[in-house]
Amino acid sequence: MVIKKGIGVSPGVAIAEALVLDSGQYKIRRKYIHPEQVEGELERLDRAIESAQEEVSDFVEQQKRDNPEIHRIIETHLAFLQDEEIRSGLVSGVKEHGFTPEYAVSRVMGRYIKVFENMQDGIFSTRFSDLHDVEKRLLKHLLGGKEREDLSGITETRVIVARDLTPTQTAALDTSMVAGFATEVGGQTSHTAIVAKSLGIPAVVGIGKLVKDVSVGDLLIIDGTEGVVLINPDEDEVDRYREKSRSFGIYEEIVTKDSALPAVSTDGTPFTVLGNIEFPWEIKNLVKGHADGVGLFRTEFLYLDSLARATSEEAHYEIYSNMVSAVLGQVVTIRTLDLGSDKSPPDFGVGMEANPALGCRSLRFSFVREDLFVTQLRAILRASVNKNVKLMFPLVTSVAELRRARGILSRTMDELRKEGIPFNEDIPVGIMVEVPSAVLIADSLAKEVDFFSIGSNDLIQYALAVDRVNERVAHLYEPAHPAILRLLKMTIDAAAKAEIEVSLCGEMATDPKLAVLLVGLGLTRFSVTPGDIPELKKVLRSVAIVDAKKVAEAALTLATAEEVLNHLKAEVPGLLPRAPY
């Protein structure tokens with residue numbers, strides 16, 4: 001038996017024989033055409049682009065009927081195919097450089113793929129698979145071939161093993177025949193991961209070396225909850241995971257059934273459980289999980305599809321206002337663009353940096369591209385007219401930064417007043433607390449905002465100087481580190497003293513033991529991904545504030561993360577509902 005560890009992106013257990021897919025890459029050599037061939041080759045390129053657009057459009061319409069949650073992701077591929085900059089690059093490759101259309105596609109798309117693949121953080125770093133999908137589709141039409149990785153012919157239940165699966169391949173999977181999948185590459189925020197979770201297929205990505213270690217017909221266990229893949233397990237392991245699968249199904253039913261119940265501690269303290277969403281269609285999942293609203297709406301996707309939409313106030317306003325209408329009066333917290341040199345498409349003219357995590361990102365980027373910032377602020381303000389919208393600035397590191405952002409917001413409000421455009425004059429304004437400097441001056445920042453949202457993922461990364469996606473140091477990324485607990489306590493206390501709301505958004509709150517610790521530190525507002533809401537609510541309903549405080553007080557006296565975790569393992573399980581594993 002061989003055990004492989006990766007990133008669990010869609011929970012559950014799958015046990016079946018493996019179907020191994022090769023890389024499916026087309027090998028395109030540099031090849032030139034004669035000048036008299038240019039017009040004919042440009043026509044062939046146009047036909048390939050047109051055919052690819054028709055194919056994706058048809059697929060989008062199909063997904064609207066069959067999987068409404070997914071069609072917007074696939075629309076990204078259509079946006080790439082319609083992008084004028086990409087098309088111009090392809091035409092130039094044929095017309096100006098004399099490349100064959102195939103080589104022009106490979107060269108131009110390869111350049112974009114490399115930019116996205118090298119991004120170190122955020123949603124864009126794992127979206128290069130969408131560009132791979134578009135590249136393969138264009139080459140397929142140019143070469144007159146079929147998809148090399150055609151999954152339509154599966155007649156028996158299998159688990160898929162591949163270097164990567166494109167989002168359209170994932171969306172097209174027959175869930176009655178595909179029990180789960182495992183890939184060598186990918187991340188938590190990739191479109192492929194999002195689609196897998198939407199379809200309910202257990203999935204593990206980012207495993208590294210895998211394809212060469214698995215043969216067709218090998219028995220595999222995929223644990224999408226723990227992020228583990230077992231190759232040719234023995235009978236005892238198979239039996240153990242079958243029981244896990246059964247327990248997981250029962251637990252999921254219980255958690256889902258009770259999700260409509262309010263989150264109130266056993267000693268009567270109410271909690272607010274909000275949802276983090278990345279795409280508007282995820283509102284459906286928030287409603288299903290009975291969330292109390294949107295604690296974090298990431299708007300970065302608006303800047304991925306096309307420059308035209310990124311710079312269109314109306315496009316922003318339509319999405320924001322539709323979301324406000326969809327939540328039926330619940331709060332919607334919209335974070336302004338969290339882009340930077342590492343997460344910015346080439347269109348925005350901000351080059352790559354040697355250390356992007358410490359570079360021109362988030363609010364700093366907004367100051368550089370104030371035109372984009374103002375466009376978004378205008379749209380958010382217009383959508384706030386129903387008074388259930390909150391506005392949040394990311395990565396604030398100083399009072400001066402906050403005042404500068406609020407100054408731009410104030411000028412934008414003045415513009416709207418002069419134009420006679422209504423908005424909420426008292427829109428709540430808050431900040432993400434994501435860096436140690438913000439924690440250390442939290443008392444000063446709290447005097448100038450209406451709420452805090454602790455971004456635990458970034459706060460841990462910056463406080464511990466750990467790149468959480470770097471496999472060589474990822475083990476040092478520890479939410480239970482005593483320094484993190486003290487930073488959290490400082491922030492929560494500063495908010496309480498200033499009598500402003502404070503919530504935590506990040507993966508820390510999805511660990512039941514850490515959720516109890518956070519309650520003990522004084523936190524009563526949480527914002528997590530939609531799929532994690534039912535379980536978090538169940539955990540919160542199972543704890544007493546007085547017990548959680550005792551757990552937290554003891555944890556704050558400990559010297560190491562290991563000591564904190566051992567303390568939580570010893571004290572917290574008795575306070576929680578029994579999970580399957």
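Colleague: Which backbone oxygen does the side chain of Lys-4 reach?
Modeller: Bear in mind that this is a predicted model, where local features need pLDDT of at least 70 and side-chain atom pairs count only at pLDDT 80 or more, while totals for chains, interfaces and linings use all residues. Residues are numbered from 1 along each chain as its sequence is written, and side-chain values use heavy atoms, leaving out hydrogens and water. With that said, the side chain of Lys-4 gets to 3.0 Å from the backbone oxygen of Lys-209.

Colleague: And which residue's side chain is joined to that of Lys-4 by a polar contact?
Modeller: A polar contact is a pair of N or O atoms within 3.5 Å; within protein, one must be able to donate a hydrogen and the other to accept it, and residues adjacent in sequence count only if both atoms are side-chain atoms. Here the two side chains come to 2.8 Å, and the partner is Asp-213.

Colleague: Is Lys-4 buried or exposed?
Modeller: Lys-4 lies in strand E1, residues 2-5; helices (H or I, at least four residues) and strands (E, at least two) are DSSP runs, numbered from the N terminus. Buried means under 20% relative accessible area, exposed over 50%, and partly exposed in between, with a 1.4 Å probe and protein chains only. Lys-4 has 15% relative accessibility, so the label is buried.

Colleague: Which residues have the most contacts inside the largest nonpolar core?
Modeller: A nonpolar core is a set of buried Ala, Val, Leu, Ile, Met, Phe, Trp, Tyr and Cys residues joined through side-chain atoms within 4.5 Å. The largest one has 104 residues, and the ones with the most contacts inside it are Phe-393 and Phe-452.

Colleague: Which helix gives the most to this core?
Modeller: The helix spans residues 370-383 and puts in 8 residues. That is helix H13.

Colleague: Let's turn to rings. How many aromatic pairs are there?
Modeller: Rings of Phe, Tyr and Trp (its six-membered ring) pair if their centres lie within 6.5 Å; planes under 30 degrees apart count as stacked, over 60 as edge-to-face and the rest as tilted. By this rule the count is 5.

Colleague: What angle lies between the planes of Tyr-32 and Phe-99?
Modeller: Tyr-32 sits in the loop between strand E3 (13-20) and helix H1 (38-66), and Phe-99 in the loop between helix H3 (84-95) and helix H4 (101-117), 67 residues apart. Their ring centres are 5.5 Å apart and the pair is tilted, with an angle of 45°.

Colleague: Which ring does the charged end of Lys-390 sit over?
Modeller: A charge sits over a ring if NZ of Lys or CZ of Arg is within 6 Å of the ring centre and within 35 degrees of the ring normal. Arg-404 does this too, 4.2 Å from the ring centre of Phe-367. For Lys-390 the distance is 5.0 Å, and the ring belongs to Phe-451.

Colleague: Last one: how many disulfides does the structure hold?
Modeller: A disulfide is a pair of cysteine sulfur atoms within 2.5 Å. Cys-360 is buried at 16% relative accessible area, and Cys-505 is buried at 6%. The number of disulfides is 0.
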